[in-house]
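Student: I would like to learn how to read a protein structure, one feature at a time. Could we go through this one together, beginning with a contact inside a helix?

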Amino acid sequence: MVYILLGTGFEEAEALVTADVLRRGDLPVSLVGIGGMTVTGAHAITVAADVAVEDINLTSGDMLILPGGMGGVHSIEGSEAAMALACQAAENDRIWLAAICAAPTLLARHRLIGVGSYAVCYPGMEDLLTAAGVTPSMEDAVILDETLITSKAPGTVFDFALSLLEVLTDADTAARIQADLHYGL
């Protein structure tokens with residue numbers, strides 16, 4: 001199962017495009033509400049969650065996705081249940097952890113990205129990675145570091161989502177969905 005955390009102020013494009021791409025690849029995706037079953041994003045788009053964060057139990061093979069949006073990142077950080085899931089995913093090499101935009105900085109601050117690891121985040125926030133001992137990449141849109149995947153911003157969401165799809169399925173499935181979307185062709 002793929003779980004996408006939605007906290008008030010989340011970046012809608014990063015959450016919803018990712019959910020759409022993964023579902024096109026026939027993966028089960030649940031939108032996870034923090035603080036309620038309807039969550040309003042950074043641009044006043046309200047989304048109905050499939051499940052409450054308190055009801056999630058991560059198991060081997062699952063993926064936890066943290067979209068950005070400063071409000072959403074603060075919501076994740078302020079939720080004991082959401083942070084427990086992020087810690088569980090970071091500590092278990094059989095659970096995928098993915099973060100985009102401002103969310104990789106949250107993982108770095110809480111030492112959920114290993115010191116010396118590489119990650120990307122929203123441009124201009126790299127100093128938050130560096131302060132936590134994580135090396136920011138300035139060139140890559142998406143970085144895969146074992147079971148951690150990070151990406152830059154809303155403009156890289158298709159690259160991010162297709163990378164997630166590829167690691168959870170295979171390169172052929174990701175290529176088929178990319179072609180169906182007419183992305184990058």
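Tutor: Let us begin with Asp180 and Arg176, which both lie in helix H7, 4 residues apart, or about one turn of the helix. Helices (H or I, at least four residues) and strands (E, at least two) are DSSP runs, numbered from the N terminus. This is a predicted model, in which local features need pLDDT of at least 70 and side-chain atom pairs count only at pLDDT 80 or more, while totals for chains, interfaces and linings use all residues. Residues are numbered from 1 along each chain as its sequence is written, and side-chain values use heavy atoms, with hydrogens and water left out.

Student: What do the side chains of Asp180 and Arg176 form?

Tutor: The general idea is the salt bridge, meaning a side-chain nitrogen of Lys or Arg within 4 Å of a carboxyl oxygen of Asp or Glu. The side chains of Asp180 and Arg176 meet in one, at 4.0 Å from N to O, and the structure holds 4 salt bridges.

Student: Which parts does the salt bridge between Asp50 and Arg23 tie together?

Tutor: For Asp50 and Arg23, the N to O distance is 3.3 Å. Because Asp50 lies in the loop between S4 and strand S5 (51-52) and Arg23 in helix H1, the pair ties together parts that are 27 residues apart in sequence. Another salt bridge joins Arg109 and Glu77, with the closest N and O atoms 2.9 Å apart. Arg109 belongs to helix H4 and Glu77 to helix H2 (residues 70-77), so this pair links parts that are 32 residues apart in sequence.

Student: Which residues of helix H7 are buried?

Tutor: Buried means under 20% relative accessible area, exposed means over 50%, and partly exposed is in between (1.4 Å probe, protein chains only). In helix H7 (residues 171-181), Thr173, Ala174 and Ile177 are buried. Seen down the axis of H7, the buried residues fall within an arc of 100°, so they line one face of the helix; the arc is that of the directions from the helix axis to the C-beta atoms. Helix H1 (12-24) and helix H6 (157-168) are among what covers the buried residues of H7, where contact means heavy atoms within 4.5 Å. By comparison with the cut-offs, Asp180 counts as partly exposed at 48% relative accessibility, and Arg176 is partly exposed with a relative accessible area of 41%.

Student: How many bridges join S6 to strand S7?

Tutor: Two strands pair if DSSP finds at least two bridges between them. S6 and strand S7 (residues 96-100) run parallel and are joined by 4 bridges, with Leu64 standing opposite Leu97 in S7. Strand S1 (residues 2-6) also pairs with S6 in the parallel sense, over 3 bridges, and there Val2 stands opposite Met63. From strand S6 (residues 63-66), Met63 and Ile65 point one way and Leu64 and Leu66 the other way, and all are buried.
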